[in-house]
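Visitor: I am new to this structure. Please take me through it, with a close look at one part.

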Amino acid sequence: MISREALQTLEFDKILDILSGFSHSDASAKAILDISPLNNQKEIERRFGQVKEIRELAQAGTPLRLAHFQDISQALEQVRLEGAVLEARELVDFVPVLRIVAEISSQIEEARPLPLLRELAANLTGFPDILAAIERSIDSEGNILDSASPALFHLRTQIRALEAKITKRLEAAVRDKKTALFLQDDFITKRAGRWVIPVRMDSKGQVPGVVHDISRSGETAFTEPLEIIGIANELENLVAEAKAEEIRILRTICQMIRKVLDEIAVQYRTIVYLDILNSIARFADHLQMDIPAINDSSDIKLVKARHPLLMLAQKDGVIGEVVPLDLRLGGDNTAMVITGPNAGGKTVAIKTVGLLLLMALSGIPVPADSSSAFPLASKLLLDIGDEQSIESNLSTFSAHVSHIAEILKEAGAKTIVLLDELGTGTDPAEGAAISCAVIKDLKGKGSLIFATTHLMDIVGFVYKTEGMINASMEFDHGTLSPIYRLKVGEPGQSHALEIARKYGLPAHVLEFAKNVLGNVNVEFHKLLTELKEKRAAHEEGLNELQRQRAEVKEEEKLLNEKLAEVERLKTETMEKAYQESRDIVSEVKRQAYAVLEEVKKDKKRAAVKRVVRIQQEVEDKLREFDKEPSLSISEIKEGDTVFIRSVGYDATVMRVDRSHRRVRVKAGKMEWEVPVSDIVTKKGKVPEVRAASDKRAGIPETVPDVLNLIGLRVDEALSELEPFFNHAALAERKEVTIIHGLGTGILRKAVREYLTGHPLVEQFRGGELSEGGDGVTIATLR
């Protein structure tokens, strides 16, 4: 249990007050002011998670669809009684609430997975029939509309007609010269709900009618002329009927609300809670706060923590940059004593610890890094500030001791204790002794203690006691001003003499003070200062060494990148050279075969095989530079697009021969078989359109035996035939198929004329019906 006094001392109430300013309703603002730390870790983490999801919505550009709404809790209680009827202006307050229910229900349902918000909003169904009834019947000012019911529309139409009729007659009366003589003025008005004209008191008998009122001066009688009394009575009856119809309409709406009253109340409370979460989220975004961890241990870890009120003051330009606080306490060390100069930030440091703990336990993100962590503390006890009281006959020291005595009674495990200015208000030696005993007792109870002091005796005790640690607020000796940065592990100094010199205390007074202080104390503080300076120099050297190491690592990384680039360029150069060699070999093969065909010697096949063997050697050499492994036979399927190493471009798999580990592929109009070892993953490369002289350079050893000429012009088709027969002959094909289609027969005729007398063609014929009929030509090679 954390007391209300502790919350106020740490200014948690100020945080809640600022937080309430982000709400959309008085009900939400009031609930925010009542927020207090939770004692259940799952509840805290659930609230953190809900706030996180709301922040994610806002960051995605779709903030929670909340708008201003009124507190309808009292109206709900009023309408609960059977027969109760709310005023129209009270029913208007339901409209924004019901709209928000429908909007948020729809938004969370449509948004990406938001498990915690979806769970929270699962009961938000909306009440469209009630919302429609109110919007149809009442305007935003609380006036009942004519459209509320047909009967009301009819009655009000009649009322307006009669009012117009009465007005017309009265206007005629005041314009009539006979009547005008007796009137005080020429206007028409109402008195007691009746239409009247102003008649002079001395002439009231001259205008027949009923006097409904007399002016304050007594000189005017407000008279309803006799000629409109019948019409006015009729009007009054219609007005009464309209009022009865209005009450009936309001009663009907109230009955609709009463039937689902409990559901509306639940959904209204959900909207209020969502507004609270949204306010927390907006406040967190305003100060760029993060969600810390909540642990079961007693450890506190603050990383780049700042006091939220100081951050707000910084945003308003009141103060400069807020120095972050880094500390850790728990485990082996459970007590930290902070020393340092006056106004150096000691009290702010421990108040930051306490306030951020309260925020974290309340499910509010904190102005610290997300790696920060807080324990699930059951108590937060503190002694901060001057509690002296004349009425209670308590001095400063008495008040502190009285308060600390209460802390010692209540403290235990999972208790956080904050003690400011230990040992002050009495003899320093005795005050230090009491303070050391207090810290020792609290540590023995398992509490986590943060304390501040100026007494060096306490610093010495902490240094010698296991489980306790000194810390200090840094001080700039050059400017004689505090830096507000916490240094854990070393004690600080008050620097009273230096600060007194800065603020103008005479030199002779300070000199006398030094003598009174004694050489031992002066030497001790001097030694402490030197140790701090040496430590600072050591840390600076260590930082420089780390910087140099980082530079060396960066240079090593750049060198490795350059070496890798050189190796890559070397590999590319070799690949290019071998590719050019392969192109040359292909060209030589083509030319050699042309010569051999002319000579037609018996050794032509041996010569061709020798040339093919040379090409294969070049291709094998190229494969040494290909680091990509071949696809396995099981990975290749018909219809796949793969890369064929031997030709250097992609092709489509037509058939897979698993028994012989060969694959038939197609690229453009050409088909051929390749071994599985020649196939890798597709690279998006397609065959290039080359000049006629080198169009077929680099064709693989396994060439297609089918050529598809459909869709080509005659000249294009004939230019394809020559290289096709050359490579088919090189591959020792016995028979090839040319597909030219039927069409008009022009392409078929040109192909067969070209084959007639060709040196590589022994004979040719039209295809059998099963082979494609007259749409193909089968050629047998020599």
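How many helices and strands are there in the protein? After that, please look closely at the salt bridges.

Guide: A word of caution comes before the tour. This is a predicted model. The protein has 24 helices and 23 strands. Of its 782 residues, 42% are buried. The accessible surface comes to about 41,800 Å². Carbon and sulfur atoms hold 53% of that surface. Take the contacts with a separation of 6 or more: 67% of them join residues 24 or more positions apart.

Now to the salt bridges. The whole structure holds 27 of them. Side chains of opposite charge can pair when their charged atoms come close.

Start with aspartate 441 and lysine 445. Their side chains form a salt bridge, at 3.9 Å from N to O. Aspartate 441 has a relative accessible area of 35%, so it counts as partly exposed. Lysine 445 is partly exposed too, because its value is 32%.

Next, go to helix H21, which covers residues 519-599. Glutamate 544 and arginine 547 both sit there. They are 3 residues apart, about one turn of the helix. Their closest N and O atoms are 2.3 Å apart, in a salt bridge. Glutamate 544 is partly exposed, at 31% relative accessibility. Arginine 547 is partly exposed as well, at 39%.

The next pair links distant parts of the chain: aspartate 705 and arginine 664, 41 residues apart. Aspartate 705 lies in the loop between strand S19 (679-681) and strand S20 (706-708). Arginine 664 belongs to strand S17, residues 662-667. The closest N and O atoms of this salt bridge are 2.9 Å apart. How covered are the two partners? Aspartate 705 is partly exposed, at 24% relative accessibility. Arginine 664 has 12%, so it counts as buried. The cut-off for buried is under 20%.

Salt bridges can also join into a network. Asp146, Arg156, Arg160 and Glu246 are linked in this way. Helix H10, residues 150-175, holds glutamine 158. That glutamine is partly exposed, with a relative accessible area of 32%. From glutamine 158 to leucine 235 is 77 residues in sequence, but 8.3 Å in space, C-alpha to C-alpha.

Now turn from charge to the nonpolar side chains. In soluble globular proteins, such side chains tend to be buried together. Here the largest nonpolar core has 128 residues. Phe94 and Phe450 touch the most other members. Helix H13, residues 261-286, gives the most to this core, with 13 residues. A second, separate core has 20 residues, among them Ile404 and Leu422. Phenylalanine 450 has contacts beyond its sequence neighbours, including Ile300, Leu327, Ile350 and Leu419.

Strands come next. Strand S10, residues 379-383, has 4 of its 5 residues buried, so it is largely enclosed by the rest of the structure. S10 pairs with strand S11, residues 415-419, in the parallel sense over 5 bridges. Lysine 379 stands opposite threonine 415 in S11.

End at the surface. Leu310, Val318, Ile319 and Val348 form a nonpolar patch there. Together they have about 300 Å² of accessible area. Valine 348 lies in helix H15, residues 346-361. At 38% relative accessibility, valine 348 counts as partly exposed.

Methods. Residues are numbered from 1 along each chain as its sequence is written. This is a predicted model: local features need pLDDT of at least 70, side-chain atom pairs count only at pLDDT 80 or more; totals for chains, interfaces and linings use all residues. Side-chain values use heavy atoms; hydrogens and water are left out. Patches are made of residues with over 30% relative accessible area and no salt bridge: like charges are joined within 9 Å, nonpolar side chains (Val, Leu, Ile, Met, Phe, Trp, Tyr) within 5 Å. Accessible areas come from the Shrake-Rupley method with a 1.4 Å probe; for residues, only the protein chains shown count as cover. A salt bridge is a side-chain nitrogen of Lys or Arg within 4 Å of a carboxyl oxygen of Asp or Glu. Helices (H or I, at least four residues) and strands (E, at least two) are DSSP runs, numbered from the N terminus. Buried means under 20% relative accessible area, exposed over 50%, partly exposed in between (1.4 Å probe, protein chains only). Contact means heavy atoms within 4.5 Å. A nonpolar core is a set of buried Ala, Val, Leu, Ile, Met, Phe, Trp, Tyr and Cys residues joined through side-chain atoms within 4.5 Å. Two strands pair if DSSP finds at least two bridges between them. Lists of a residue's contacts leave out its neighbours within four places in sequence.
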